[in-house]
Amino acid sequence: MTTRLLLLLCLTGHVFAREPPDVDCLVVNLQHVQCSWDKERTPEVNYTFYGGFSSNLSECPTYLSENNTNTGCKQPYKEVERFHTFYSILQRGQQNRSKEHQLRTKVKLNPPTNVTAKNESDSNLWVRWIPSTFPKRDCVQNEVRYRINNRKWAAFQLHSGVNFYCINLPSRSSLYEVQVRSRISYVCGESDFWSDWSEPVLWGSNNSTEPNQMLMPVWTPVLYVVGAFILILLVMMLLHHERIRIIFIPVVPKPSPKLHNIEDWFQFPKGLKESFNYNERPCIVREYCHVSQVSVSEPESEWDQSNSCSSSTTRVLSEEGMGSV
């Protein structure tokens with residue numbers, strides 16, 4: 001009996017001697033301050049919470065509990081108070097733990113509502129939503145993410161005050177899943193906390209199967225390799241076969257005033273040039289002269305022969321002309 005009593009006193013003494021846990025506070029949707037002290041573990045006893053934005057702290061009006069044990073508190077809040085210091089005290093008996101909180105960057109909005117995805121007349125998929133309640137539209141920054149056929153998510157952060165997003169030329173044969181979340185933008189004191197993602201919105205239909213999805217990634221590299229091999233083969237043929245190269249890439253001649261032979265104007269391959277025969281026997285052309293018998297018997301000089309040839313030629317022509325008349 002004495003042993004059990006000592007054991008009970010040790011356990012209860014350990015509980016009463018334990019220091020109150022740490023308190024974390026967060027502004028929820030600019031409506032109330034929510035503080036919790038169950039981050040490390042669920043407390044074993046109930047604590048009393050006091051909080052406020054001034055030295056006059058008030059006890060928690062609404063406790064959050066788990067298994068009949070207080071784990072948090074909802075404290076009233078005003079927008080202008082976010083930039084002030086929030087004070088908290090967690091107390092049980094003679095033990096208490098006080099803390100100061102800077103809540104300017106600790107604001108968590110509710111997820112956007114009424115998220116819709118509609119394919120409009122410009123053939124684009126327009127996503128629209130309504131942000132959580134906020135006095136100024138430009139104070140909210142949104143982020144959109146979507147995925148196609150349950151693949152990897154693609155996320156895009158928008159400018160402050162933008163409550164729509166456009167997906168260009170979507171495919172009706174694919175299934176689109178879209179979600180949106182928001183936070184306080186830098187215009188009104190940027191928050192470190194994003195809201196939870198909204199409920200997913202689906203658009204389109206997923207008629208594709210897994211083998212068809214893998215068909216394109218497998219065949220695309222094969223086509224690239226085959227095309228590169230064919231291109232290399234054509235280049236090698238053009239380099240090693242001069243006749244084929246001349247057909248596809250003719251050489252433009254560059255005439256020079258020093259070239260007197262027309263053969264030098266064209267750059268023929270050696271084998272092609274030898275196939276042509278340029279060594280033909282010359283044809284000797286001589287002038288015919290009518291020589292009389294007297295001129296044959298008497299030697300004359302070249303000058304006289306030329307004169308006689310010219311005269312005989314003239315005489316023959318004159319005789320022919322008179323005959324024709």
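**Notes on the predicted model**

1. Let me start with a loop: N67 lies between β5 (62-66) and β6 (69-76), where strands (E, at least two residues) and helices (H or I, at least four) are DSSP runs numbered from the N terminus. N67 has a positive phi of about 55° although it is not a glycine. At 71% relative accessibility, N67 is exposed; the cut-offs are over 50% for exposed, under 20% for buried and partly exposed in between, with a 1.4 Å probe and protein chains only.

2. A word on the basis: this is a predicted model, in which local features need pLDDT of at least 70 and side-chain atom pairs count only at pLDDT 80 or more, while totals for chains, interfaces and linings use all residues. Residues are numbered from 1 along each chain as its sequence is written, and side-chain values use heavy atoms, with hydrogens and water left out.

3. N149 also deserves a look. Its phi is near 55°, a positive value in a residue other than glycine. N149 is found in the loop between β12 (140-148) and β13 (154-157), and at 9% relative accessibility it counts as buried.

4. For the overall picture, the chain has six helices and 16 strands. Of its 325 residues, 26% are buried. The accessible surface (Shrake-Rupley method, 1.4 Å probe; for residues, only the protein chains shown count as cover) comes to about 23700 Å², and 57% of that belongs to carbon and sulfur atoms.

5. Now the rings. The whole structure holds nine aromatic pairs; rings of Phe, Tyr and Trp (its six-membered ring) pair if their centres lie within 6.5 Å, with planes under 30 degrees apart counted as stacked, over 60 as edge-to-face and the rest as tilted. F53 and Y77 form a tilted pair, 6.3 Å centre to centre with 55° between the planes. This pair links distant parts of the chain, 24 residues apart, and both F53 and Y77 are buried. The rings of F53 and F86 have centres 5.0 Å apart and planes at 70°, so that pair is edge-to-face. Here F53 sits in the loop between β3 and β4, and F86 in strand β7, 33 residues apart.
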